[in-house]
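Keep the structure open beside the text as you read.

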Amino acid sequence: MRDKEGKQDYRFIPEPNLPPLVIYDSASLPANADPQQVINIDRIREQIPELPSVTREKLVQQYGMLPEHSLTLLNEVGLLEFFQNVIKETRAEPKKVTSWVLNTFLGFLKQENLAVSESPVTPSALAELLNLLDRKAISSAAAKQVFEELWRNEGKTPAQIVSEKQLELMQDREALEQLCHAVMEEHPQVVMDMKKGNPRAINKLIGLVRKATLNRADPTVIKETLEKQLSPRDVSRPSA
């Protein structure tokens with residue numbers, strides 16, 4: 001019942017069937033050494049996969065993402081590869097890609113309890129959608145609608161969905177000006193609030209115009225159009 005105290009207590013004996021193991025690095029490796037008889041630790045280092053901490057640091061430096069975002073990309077199996085494939089195929093900024101992958105894409109996966117490999121949305125499809133958003137062919141709201149359609153209908157491209165649902169941003173400025181004018185006439189009190197310097201009034205008008213255009217108008221363009229139609233002399237500036 002006594003404790004074992006030394007190697008003699010374990011009855012260690014040499015194993016005659018195992019050859020001696022000699023460890024070297026590239027600098028100390030003998031020229032005539034048998035590769036089967038020695039271990040080159042430098043070669044082993046080259047074969048070891050990149051450590052997660054190193055990968056996270058590279059993601060933060062290369063794409064400007066937050067450390068916690070890099071951690072999420074590595075913790076979900078296959079998510080980092082998905083993200084990198086989207087990056088390769090899109091012109092969108094890395095921060096926007098990160099937001100869509102971690103918020104929208106990962107959120108849908110969690111809702112359906114799916115793995116990344118089971119996703120109905122491919123990296124190419126998401127990259128195409130982000131390209132449409134990047135060149136302002138669709139609005140952010142329309143992009144989310146397109147993503148939902150991609151999730152439900154495998155086989156359709158984002159461009160096909162945009163065309164079928166008529167989700168393209170309005171390019172006709174004259175038609176947008178007419179809509180803005182009609183909305184302002186229907187809501188005179190909101191217009192008066194805007195003229196008095198109420199910052200919430202302009203946001204309400206923008207929302208009403210977007211609703212009238214089925215979210216097919218760029219909010220920035222709507223704001224410019226509304227402000228253009230209001231006489232600057234009538235809009236009072238709030239005192240500093």
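## Helices α4 and α5

Helix α4 crosses helix α5 with a right-handed sense. This is a predicted model, so the angles and distances below describe that prediction. Helix α4 covers residues 79-89, and its axis comes within 10 Å of the α5 axis, with a crossing of roughly 135 degrees. That angle makes α4 oblique to α5.

To see the contact, look at L79, F82, F83, V86 and I87 on the α4 side. They meet P94, V97, T98, V101, L102, F105 and L106 of α5. By class, this contact has 11 nonpolar residues and 1 polar residue, with no charged ones.

## Helices α3 and α5

Helix α5, residues 94-112, also packs with helix α3, residues 67-75. Their axes lie 11 Å apart, at an angle of about 55 degrees. These two helices are therefore oblique to each other. The crossing of α3 and α5 is left-handed.

From α3, the contact uses H69, T72 and L73, while α5 brings T98, V101, L102 and L106. Sorted by class, the residues of this contact are 4 nonpolar and 3 polar, with no charged residue. If you want to follow the α5 side across both contacts, T98, V101, L102 and L106 take part in the contact with α3 and are also among the α5 residues that meet α4.

## Helices α6 and α7

Next, turn to helix α6 (residues 123-134) and helix α7 (residues 140-152), whose axes come within 10 Å and cross at roughly 160 degrees. That makes α6 roughly antiparallel to α7. The crossing of this pair is right-handed.

On α6, the residues in contact are A125, L126, L129 and L133. Their partners on α7 are S140, A143, V146, F147 and L150. The class count for the contact of α6 with α7 is 8 nonpolar, 1 polar and no charged residues.

## The second largest pocket

Finally, which residues line the second largest pocket? The lining is made up of K96, L133, K136, I138, S139, S140, L169, R210, D218 and P219. The volume of this pocket is about 180 Å³. Its lining divides into 4 nonpolar, 2 polar and 4 charged residues.

Definitions and conventions: Residues are numbered from 1 along each chain as its sequence is written. This is a predicted model: local features need pLDDT of at least 70, side-chain atom pairs count only at pLDDT 80 or more; totals for chains, interfaces and linings use all residues. Side-chain values use heavy atoms; hydrogens and water are left out. Axes are lines fitted to C-alpha atoms, for helices over the stretch in contact, and angles run from 0 to 180 degrees between N-to-C directions. Helices (H or I, at least four residues) and strands (E, at least two) are DSSP runs, numbered from the N terminus. Angles under 35 degrees count as roughly parallel, over 145 as roughly antiparallel, 65 to 115 as roughly perpendicular and the rest as oblique. A crossing is left-handed if the near helix is turned anticlockwise from the far one by less than a right angle, and right-handed if clockwise. Contact means heavy atoms within 4.5 Å. Ala, Val, Leu, Ile, Met, Phe, Trp, Tyr, Cys and Pro count as nonpolar, Asp, Glu, Lys and Arg as charged, and the others, Gly among them, as polar. On a 1 Å grid over the protein atoms alone, a cavity is a set of points where a 1.4 Å probe fits but cannot get out, and a pocket is an open set with protein on both sides within 12 Å along at least five of seven lines; lining residues have an atom within 4 Å of a point. Grid points are joined across faces, edges and corners, and a volume is the space filled by probe spheres set on the points.
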